[in-house]
Amino acid sequence: MIRVSKNPTIDTSAKLAVVAVAMFAFVFVVMVPLYNVLCDALGINGKTDGTQYTAVPVAVDESRTITVQFVATNNEGMPWEFGPAVTAMKVHPGAVNDTVFHARNPLSKDMVAQAIPSISPSRAVKYFHKTECFCFNQQPLEANMNAEMPLQFIVDQDLPKDIQTITLSYTIFDVTDAVNGSVAAR
C-alpha cells in the first residue's frame, strides 16, 4: 500500500485529492470530445459556428420544399417568455427567409440574454446559413418590456436530398451578471 505519511488521515486526504483531480481531468479531457463524437454519430445537437453567412447569388430551387421547425427553450433560471412567432416554415433551398422570435422580460429589472442555437440533424448544419440572427449578439431587454428578435436564413441548395426537415433550436441564457461584471467581482 502507498503511504504519503504515517498519519492515516493525511493518506486518505491525499488519495481523495488525487481521485478528485483525476475525475476533473476525465470530465474535461475525455468527456467533452467523446460527447462531440457521440453527437455527430447520432446526428443530435448540431452546433452552429456562430458566424454570419454572406449570401451569394443563386437560383431558388422551387422543386424542393424543406420544413424548418423552430424551438425555443429557456435555460434554468431564465425568467423571460421566449418563443418563435411561427413554429414551422416551408422553404425552398436558395431562398432568403425571414421570421422573428418574441421575448418578454417580466421582471422589474433590466436583463441581458444570449441565445445559443442548435440544428438537427447535425448533417444539416453546414447547409443552414443565418444571414441575420439575434444569436449573433447579446440581447438587452428593459424591465417589463417586449422585443421582436429577427432571424434571416437560407437553406443551401446542396442540402442532401434525404433531409426533408431541419429543426433550429435556441436556448436562451441570462448573462446579466456576466455583462455587469458581477461574476468577475465574486
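**Contacts, strands and salt bridges in a predicted model**

Setting aside neighbours within four places in sequence, V112 touches Q138, Q139, P140, F173, D174, V175, T176 and V179, where contact means heavy atoms within 4.5 Å. The structure is a predicted model, so local features need pLDDT of at least 70 and side-chain atom pairs count only at pLDDT 80 or more, while totals for chains, interfaces and linings use all residues. Residues are numbered from 1 along each chain as its sequence is written, and side-chain values use heavy atoms, with hydrogens and water left out.

Back to V112, which sits in strand β6. Helices (H or I, at least four residues) and strands (E, at least two) are DSSP runs, numbered from the N terminus. With a relative accessible area of 13%, V112 is buried; the labels run as buried under 20% relative accessible area, exposed over 50%, and partly exposed in between (1.4 Å probe, protein chains only). One of its contacts, D174, is 62 residues away in sequence, yet the two C-alpha atoms are 6.2 Å apart in space.

The strands give some context here. β6 pairs with β10 in the antiparallel sense, over eight bridges; two strands pair if DSSP finds at least two bridges between them. Within that pairing, A115 has I172 in β10 as its bridge partner. Strand β10 (residues 165–174) also pairs with strand β2 (residues 66–74), this time in the parallel sense and over eight bridges. There, T67 stands opposite T165 in β10.

Next comes N105, in the loop between β5 (96–104) and β6 (111–120). N105 counts as buried because its relative accessibility is 0%. Its side chain reaches the backbone oxygen of L141 at 3.2 Å. That is a polar contact, meaning a pair of N or O atoms within 3.5 Å; within protein, one must be able to donate a hydrogen and the other to accept it, and residues adjacent in sequence count only if both atoms are side-chain atoms. Beyond four places in sequence, N105 is in contact with W80, D110, M111, L141, E142, A143, N144 and M145.

Now for the charged pairs. Two salt bridges turn up, a salt bridge being a side-chain nitrogen of Lys or Arg within 4 Å of a carboxyl oxygen of Asp or Glu. In one of them, the side chains of E81 and R104 meet at 3.3 Å, N to O. E81 belongs to strand β3 (residues 81–84) and R104 to strand β5, so this pair ties together parts that are 23 residues apart in sequence. E81 is partly exposed at 46% relative accessibility, and R104 is partly exposed at 29%.

R123 and D162 form a salt bridge too, with their closest N and O atoms 2.6 Å apart. This pair links distant parts of the chain: R123 is in the loop between β6 and β7 (128–133), and D162 is in the loop between β9 (146–155) and β10, 39 residues apart. R123 counts as partly exposed at 45% relative accessibility, whereas D162 is exposed at 55%.

Last, the surface. V29 lies in helix α1 (residues 8–42) and counts as exposed, with 58% relative accessibility. Together with F26, V27, V30, M31 and L34, V29 forms a nonpolar surface patch with about 510 Å² of accessible area. Patches are made of residues with over 30% relative accessible area and no salt bridge, joining like charges within 9 Å and nonpolar side chains (Val, Leu, Ile, Met, Phe, Trp, Tyr) within 5 Å. Accessible areas come from the Shrake-Rupley method with a 1.4 Å probe, and for residues only the protein chains shown count as cover.
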